[in-house]
Structure formats: structure tokens, C-alpha cells
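Subject: Structure handover

Hello,

Please load it first, then read the notes below.

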Amino acid sequence: MSWNMMADQDPRQRLRVVTYNIHGGIGRDGRRDLGRIATVLRALDADLIALQEVDSTPTAHAPSAQMHELAQLGDYHAIPGPTILTHDRHYGNALLTRLPVIALTRLDLSERRREPRGAIVADLRTVHGTPLRCLATHLGLRTRERRRQVERLRPWISDSPAPLVVLGDFNTWWPLARTERQLSRLLGPTPRLASFPAAWPLLALDRVWTRPAGLLQRLERSRDPRARIASDHLPLYAELALPRATRTG
């Protein structure tokens with residue numbers, strides 16, 4: 001399934017982004033196999049990848065286990081955003097980027113007595129010098145929890161001076177849900193593509209939101225048959241059309 005908007009922008013200004021809940025590399029068969037996740041991501045060849053439910057635990061041989069291995073696929077800079085952080089486990093969000101990072105903030109979105117949640121806010125610079133803010137997150141399971149989390153994200157969305165892309169698993173699927181309405185007020189409407197469960201996707205849990213209007217040119221759900229078994233979610237990938245930076249002085 002896909003969504004497209006025809007445009008005549010210079011193709012050199014285009015950027016491909018992905019959001020993917022990899023379920024810790026555990027596939028529909030119950031087997032943990034990061035190689036399958038790697039195969040799916042390699043085929044998508046994105047410039048920017050937001051991952052959820054990824055292990056970023058440091059090891060004796062690498063900065064992190066899963067995150068570091070996936071970063072090697074496309075010479076990405078890996079940004080961990082663990083929400084579960086113990087002496088032997090770092091687990092949560094991660095961002096893989098081929099774009100230079102200008103500024104980086106990690107936000108704690110955790111609610112009392114609920115699974116810890118967070119977000120990564122990365123200000124990036126594209127090949128043509130245009131700044132881009134990426135916000136990558138994985139929201140909670142309850143309505144009240146998500147409402148409060150979106151409110152904490154609001155300043156980072158509202159105050160962004162640059163084009164903005166918001167990626168992640170929002171754990172909401174009803175078009176009239178409070179989370180949907182909150183984000184639509186902040187960012188405008190965005191296409192909904194079902195991505196869960198991977199075998200027969202029915203729920204649009206994973207989303208791509210952008211601002212300003214016209215930034216999002218194409219949004220698709222992966223059709224790769226390997227993605228249907230690699231995780232319980234399918235990845236979404238989008239193409240953005242960014243303006244060139246304006247020279248001043």
C-alpha cells in the first residue's frame with residue numbers, strides 16, 4: 001500500500017526516511033534474527049531510520065549490539081535512545097542517520113507505573129545545507145499516557161524553525177483518537193497506512209508526520225515479503241522533498 005503526491009521538485013533534494021519497530025529482532029516465528037531486519041533495511045536504503053524496540057546495550061566488541069550492527073549497513077551514525085536502561089540492558093529507540101547531526105536531545109516521556117518511554121530529537125543538515133529536525137519516538141499504550149507524552153513533545157514540534165519529520169510507533173489506530181487529533185493540530189493530517197500486525201496489517205500504529213505542507217511526497221508500506229516475518233510490524237518509508245538552503249549575505 002502506498003500514498004503518492006506528484007511533484008516537480010529537483011530530485012537531488014529528495015530524502016528517504018524509514019520508521020520501523022523491529023521487536024528486538026524477534027520475528028513472527030518467535031526466532032530472534034537480526035539478519036532478517038538488516039536485509040529489509042538494506043533494501044530500503046534510507047538516509048534516516050527511526051527504530052523502536054532495539055537493543056543498544058554496549059558489548060566488549062561494539063558500542064552496542066543490535067544498533068551498532070544495523071548502523072554498519074549503510075555507514076550510518078547511530079544515536080541510541082534507550083528507555084529501559086539497566087547495568088546489562090539498554091533497550092528502546094534508536095536513530096540511524098547519514099546526515100550530519102547539528103544538535104541532539106533525548107526526552108524522557110515516562111509515566112509513573114508505565115513502561116518507560118522516550119524520544120530522540122535530532123537537528124540535522126542535509127546535503128544541500130537545508131536543516132531538518134527529526135523527532136523519533138515510541139508512545140505508550142494508554143490514551144491518557146499518550147496525551148501527556150504528546151504535550152511534552154509539543155514545544156519541540158511547535159518551536160522547530162526547520163522542516164520537521166516525526167517518526168515512530170504511536171500505539172494508536174483510531175482516526176478520531178485523541179493522539180491523532182493532537183498531532184493533526186500540530187502538524188496537519190498525514191496518510192494512515194496499516195503496519196501491524198505484519199502478516200495481515202490492519203492497524204496504523206506506525207506513522208510519518210511532516211511539516212510544512214508539501215514536504216511529504218511519498219509514503220509506502222514495505223511490500224518486501226521478508227518484512228512480513230522479520231518483525232511483528234512492517235516498516236514504513238517516505239520520500240521528502242526539501243528546499244535548498246537560502247544563501248544570505
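**Backbone notes**

D45 sits in the loop between helix 1 (34–44) and strand 3 (48–55). Helices (H or I, at least four residues) and strands (E, at least two) are DSSP runs, numbered from the N terminus. Phi of D45 is near 50°, a positive value in a residue other than glycine. D45 is partly exposed, with a relative accessible area of 45%. The cut-offs: buried is under 20% relative accessible area, exposed is over 50%, and partly exposed is in between (1.4 Å probe, protein chains only).

Before the rest, the ground rules. This is a predicted model: local features need pLDDT of at least 70, side-chain atom pairs count only at pLDDT 80 or more, and totals for chains, interfaces and linings use all residues. Residues are numbered from 1 along each chain as its sequence is written, and side-chain values use heavy atoms, with hydrogens and water left out.

N171 also has a positive phi, about 55°, and is not a glycine. N171 lies in the loop between strand 9 and helix 4. N171 is buried, at 9% relative accessible area.

Two cis peptide bonds to check. One runs from F196 to P197, with omega near -10°. P197 is in the loop between helix 4 and strand 10. Another joins R211 and P212, with omega about 5°. P212 is in the loop between strand 10 and strand 11 (216–221). For context, most residues other than glycine have a negative phi, and most peptide bonds are trans.

**Aromatic pair**

F170 and W209 form it, edge-to-face, at 6.5 Å centre to centre with 75° between the planes. F170 is in the loop between strand 9 (164–169) and helix 4 (178–187), W209 is in strand 10 (residues 206–211), and the two are 39 residues apart. Both F170 and W209 are buried. The criterion: rings of Phe, Tyr and Trp (its six-membered ring) pair if their centres lie within 6.5 Å; planes under 30 degrees apart are stacked, over 60 edge-to-face, the rest tilted.

**Salt bridges**

The search finds 18 salt bridges (a side-chain nitrogen of Lys or Arg within 4 Å of a carboxyl oxygen of Asp or Glu). E239 and R16 meet in one, at 3.3 Å, N to O. E239 is in strand 12 (residues 236–241) and R16 in strand 2 (residues 14–21), 223 residues apart. Both E239 and R16 are buried. They also belong to a network of salt bridges that links R14, R16, R218, E220 and E239.

R152 bridges to E111, the closest N and O atoms being 2.1 Å apart. R152 lies in helix 3 (residues 143–158) and E111 in the loop between strand 6 (101–108) and strand 7 (118–125), so the pair ties together parts 41 residues apart in sequence. R152 is partly exposed at 32%; E111 is buried at 12%.

**Cavity**

There is one cavity of 30 Å³ or more. A cavity is a set of points, on a 1 Å grid over the protein atoms alone, where a 1.4 Å probe fits but cannot get out; lining residues have an atom within 4 Å of a point. About 70 Å³ of space lies in the largest cavity, a volume being the space filled by probe spheres set on the points, which are joined across faces, edges and corners. Its lining includes E53, Y91, R117 and H138. Strand 5 (residues 90–97) gives the most to that lining, with three residues.

Best regards

Notes:
On a 1 Å grid over the protein atoms alone, a cavity is a set of points where a 1.4 Å probe fits but cannot get out, and a pocket is an open set with protein on both sides within 12 Å along at least five of seven lines; lining residues have an atom within 4 Å of a point.
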